[in-house]
Amino acid sequence: MNRILLNGQSMDASAAVVSVMDHGFLYGMGLFETFRTYSGKPFLLERHLDRLTEGCKTLGIDVSVLPDTRQLRDWIGELMQANGLKEAYIRYTVSAGEDVLGLPAGMYSRPNTVLMAKPLPEPPERLYTHGKALKLLNTRRNTPEGPVRLKSLHYMNNILAKRELSSDPEAVRLHAEGLMLSADGYLSEGIVSNLFFVKSSVLYTPDTACGLLPGITRGLVLELASAAGIRYEEGFYTWEELMQADEIWLTTSIQELVPVTSLIDHTGTALVISGGRIGPVTDTLLRLYRQRTGGYHENDNL
């Protein structure tokens, strides 16, 4: 990543700066979205921006001065071209902008925007057939900023969880994802993923009240499941219930649906799930998801 866009202006990443008085720096008042492209076009961009807009309203950031969907599409195209990317991992950040030293009660009227792009990671296809491990962490998911978690700049909880995961040599060797429970001990989410599991042909995913981020991919998977006639429930579930699952998978905007074929508890004991391979429901929903990405066009939802 060499070029970025700061407030719409292209510059070298090493030259981009924001003020130390920016409340994104001082107080974590800011939000971001990460998403990927297919055929060079950002997927589900409007949904990401809708979530970002609602979050900005919660934080008191003036959304009227932010770029609209069409303008951001143009910026993304410009940035990818500047970095020579045909496909990209995109991060779009909105920070509150400069304000007084202290906690203001008014609106933030001068937010800063940062658009970054890097080459899209290419996970091995084996990841989608043989899956990955999921490690139960001691680090608990902290409570959300408000009624529903925002994708905010305050990412300390995730970083602490990542450090715990990285301290386990076996989890590192297996490229495992870490799973956080809520403060009440219920399944919440992965460090950078949402969680799904199947038991007796019913699909389950933790409720947003468990402190998880309501992911964009999570939402689309629930829509696809409903359209395919797959019954699903959102609720409060335990690690013990997860151990009884027929299938498990994780969702992210970058890696889509990733099967989980091994669970690792606090003692390091591993439990094989779905015979160590992707399960039929996971496979069906992954295929449906990829059909959606293949049928996506730049002008959708404009």
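Strand 1 (residues 3-6) pairs with strand 2 in the antiparallel sense over four bridges; strands are DSSP runs of E with at least two residues, numbered from the N terminus, and two strands pair if DSSP finds at least two bridges between them. Across this pairing, L6 stands opposite Q9 in strand 2. The model is predicted, so that local features need pLDDT of at least 70 and side-chain atom pairs count only at pLDDT 80 or more, while totals for chains, interfaces and linings use all residues. Residues are numbered from 1 along each chain as its sequence is written, and side-chain values use heavy atoms, with hydrogens and water left out.

Strand 13 (residues 247-252) is largely enclosed by the rest of the structure, because six of its six residues are buried (under 20% relative accessible area, 1.4 Å probe, protein chains only). From this strand, E247, W249 and T251 point one way and I248, L250 and T252 the other. In a regular strand the side chains alternate between the two faces of the sheet. Strand 10 (residues 194-199) pairs with strand 13 in the antiparallel sense over five bridges, and V198 stands opposite E247. Strand 13 also pairs with strand 14 (residues 256-264), again antiparallel and over five bridges, where V260 is the bridge partner of I248. Strands 13 and 14 form a hairpin with three residues between them.

Methods. Buried means under 20% relative accessible area, exposed over 50%, partly exposed in between (1.4 Å probe, protein chains only).
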